[in-house]
Amino acid sequence: MQLYNTLSAEERAQLIDEAGKERLTLSFYAYAKIEDPKKFRDELFIAWNALDALGRIYVAHEGINAQMSVPADNFEAFRETLEAYDFLKGIRLNVAIEQDDHSFLKLTIKVRHKIVADGLNDDTFDVTNKGIHLKAKEFNNLLEDPNTIVVDFRNHYESEVGHFEGAITPDVETFRESLPIINEQLQDFKEDKNLLMYCTGGIRCEKASAYFKHQGFKNVYQLEGGIIEYTRQIKEEGIESKFIGKNFVFDHRLGERITDDIIAQCHQCGKPCDNHTNCANDSCHLLFIQCDECKAAMENCCSTECLEITHLPLEEQVKLRKGLQVGNKVFRKGRSEALKFKKSGELPVVKPLAKAETKDIRKKISVKKVLLGKAEHYYSKSKIGQFLIENKELSVGDKVLISGPTTGEQEITITELYVNGGPCETAKKGDQITFELPFRVRLSDKLYKIIQPSEKA
């Protein structure tokens with residue numbers, strides 16, 4: 001019986017592209033007492049694998065936490081798999097505002113000690129004794145009450161690009177760090193203040209609300225469904241958004257725009273920007289904010305040191321990584337002296353630094369593209385990308401999209417093309433092509449041709 005992935009992320013991405021069907025990115029969580037998490041995990045894998053559902057899911061004795069990508073055609077069938085469990089019947093599924101068919105490319109379900117690490121070892125703590133849930137309008141109303149304290153229970157790299165007006169934003173990298181910090185900071189307000197909290201989808205502040213009730217706080221409230229559900233409600237009901245900026249998300253998109261306010265800066269040049277990047281150096285993967293100009297100049301790297309490392313032969317890069325410990329000691333979240341414009345923690349009332357260009361989501365979805373091939377190499381000194389054409393044709397003047405987990409989505413127009421080593425106007429299936437690129441590409445990147453309305457795919 002198959003209880004593991006049989007396809008690589010690249011193979012899965014290709015199948016998704018070939019299928020040409022819409023997928024929905026969604027998330028949900030539930031705190032419950034699960035007697036046998038491993039058995040529960042195996043049952044879910046079998047059911048979801050059959051529906052081509054992908055994602056990153058954690059299960060534990062205390063419940064389930066899931067971020068997933070599900071074929072739109074299988075959405076109702078997926079919901080039925082949840083109905084088989086009493087504690088998941090009728091559960092709200094937070095569907096992402098912006099959809100991306102490649103948000104998840106594997107089905108990973110892991111058994112953990114807890115679905116949200118809290119650092120607590122208190123047998124008397126009841127995670128199900130939670131605070132009062134508030135919908136968007138109720139949350140906005142309580143925000144305006146001068147007797148309210150609002151706390152962001154996300155991490156510094158999340159709150160830096162977007163948060164609720166007037167929120168306390170702890171300078172932390174993990175949820176477990178924030179609990180004792182906020183508890184100590186608010187000791188004098190247990191009796192007479194409204195403690196209002198929020199996070200991305202609700203799972204962290206659900207546990208936080210129970211924790212602060214356990215600590216003796218009287219008036220504890222939380223945003224139902226987190227920022228994701230709040231955004232859906234304000235759009236459907238025409239409510240003013242008290243959240244400003246972008247909502248950080250934990251798939252390769254790294255963010256969904258809520259308002260067009262840009263409240264953060266590029267960590268390298270200081271230009272208004274709220275786009276996160278993972279450093280291209282595989283021994284770093286620092287998560288930081290980088291504008292398009294710095295992305296092109298630094299080739300997705302956080303420092304000149306990392307840039308130099310990415311220019312080394314692959315064998316030498318592997319040698320440099322040998323012996324390095326994984327986890328937060330390598331995969332850091334914005335902690336680097338090389339970042340001159342880094343801001344985090346206790347953010348002031350922020351006036352937007354700039355306005356983002358508003359994009360029509362429906363127009364983005366309707367843009368047609370066809371998969372041409374895959375990246376084979378990037379010549380960093382000459383800034384040349386090499387690709388293999390596996391489908392259709394590509395000509396000078398065509399507009400293409402290069403997409404990958406680290407590269408993101410980059411659109412360019414082909415102005416000069418080399419085919420099998422020589423200049424040429426058109427490349428066909430089986431040809432090896434090269435053309436100039438201002439950014440680094442990777443083996444996981446795919447090359448698409450953008451189809452104009454008058455063309456046929």
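This is a predicted model: local features need pLDDT of at least 70, side-chain atom pairs count only at pLDDT 80 or more; totals for chains, interfaces and linings use all residues.

Me: Why are H4 and H8 called roughly perpendicular to each other?

Reply: Helix H4 (residues 136–143) and helix H8 (residues 226–237) pack at an angle of about 100 degrees. Angles of 65 to 115 degrees count as roughly perpendicular, so H4 and H8 get that label. Their axes are 9 Å apart.

Me: Which residues make H4 and H8 meet?

Reply: On the H4 side you have Ala136, Phe139 and Asn140, and on the H8 side Tyr230, Gln233 and Ile234. Sorted by class, that contact has four nonpolar and two polar residues, with no charged ones.

Me: What makes Arg12 and Asp52 a salt bridge?

Reply: The cut-off is a side-chain nitrogen of Lys or Arg within 4 Å of a carboxyl oxygen of Asp or Glu. Here the closest N and O atoms are 2.9 Å apart, so the pair qualifies. The structure holds 26 salt bridges.

Me: How do you know that the Arg12 and Asp52 pair links distant parts of the chain?

Reply: Look at where the partners sit: Arg12 is in helix H1 (residues 9–19), while Asp52 is in the loop between helix H2 (37–50) and strand E2 (54–60). They are 40 residues apart.

Me: What lines the second largest pocket?

Reply: That pocket, with a volume of about 660 Å³, is lined by 22 residues. Leu314, Arg440, Val441, Arg442 and Leu443 lie nearest its centre. Helix H11 (314–321) and strand E17 (368–379) each supply at least two lining residues, and E17 gives the largest share, four residues. By class, the lining has eight nonpolar, eight polar and six charged residues.

Me: What makes His285 and Lys392 worth a look?

Reply: Their phi values are positive although neither is a glycine. His285 has a phi of about 55 degrees and is found in the loop between strand E14 (276–278) and strand E15 (287–289). For Lys392, phi is near 65 degrees, and this residue lies in the loop between strand E18 (384–389) and strand E19 (394–395).

Notes:
Residues are numbered from 1 along each chain as its sequence is written. Side-chain values use heavy atoms; hydrogens and water are left out. Axes are lines fitted to C-alpha atoms, for helices over the stretch in contact, and angles run from 0 to 180 degrees between N-to-C directions. Angles under 35 degrees count as roughly parallel, over 145 as roughly antiparallel, 65 to 115 as roughly perpendicular and the rest as oblique. Contact means heavy atoms within 4.5 Å. Ala, Val, Leu, Ile, Met, Phe, Trp, Tyr, Cys and Pro count as nonpolar, Asp, Glu, Lys and Arg as charged, and the others, Gly among them, as polar. On a 1 Å grid over the protein atoms alone, a cavity is a set of points where a 1.4 Å probe fits but cannot get out, and a pocket is an open set with protein on both sides within 12 Å along at least five of seven lines; lining residues have an atom within 4 Å of a point. Grid points are joined across faces, edges and corners, and a volume is the space filled by probe spheres set on the points.
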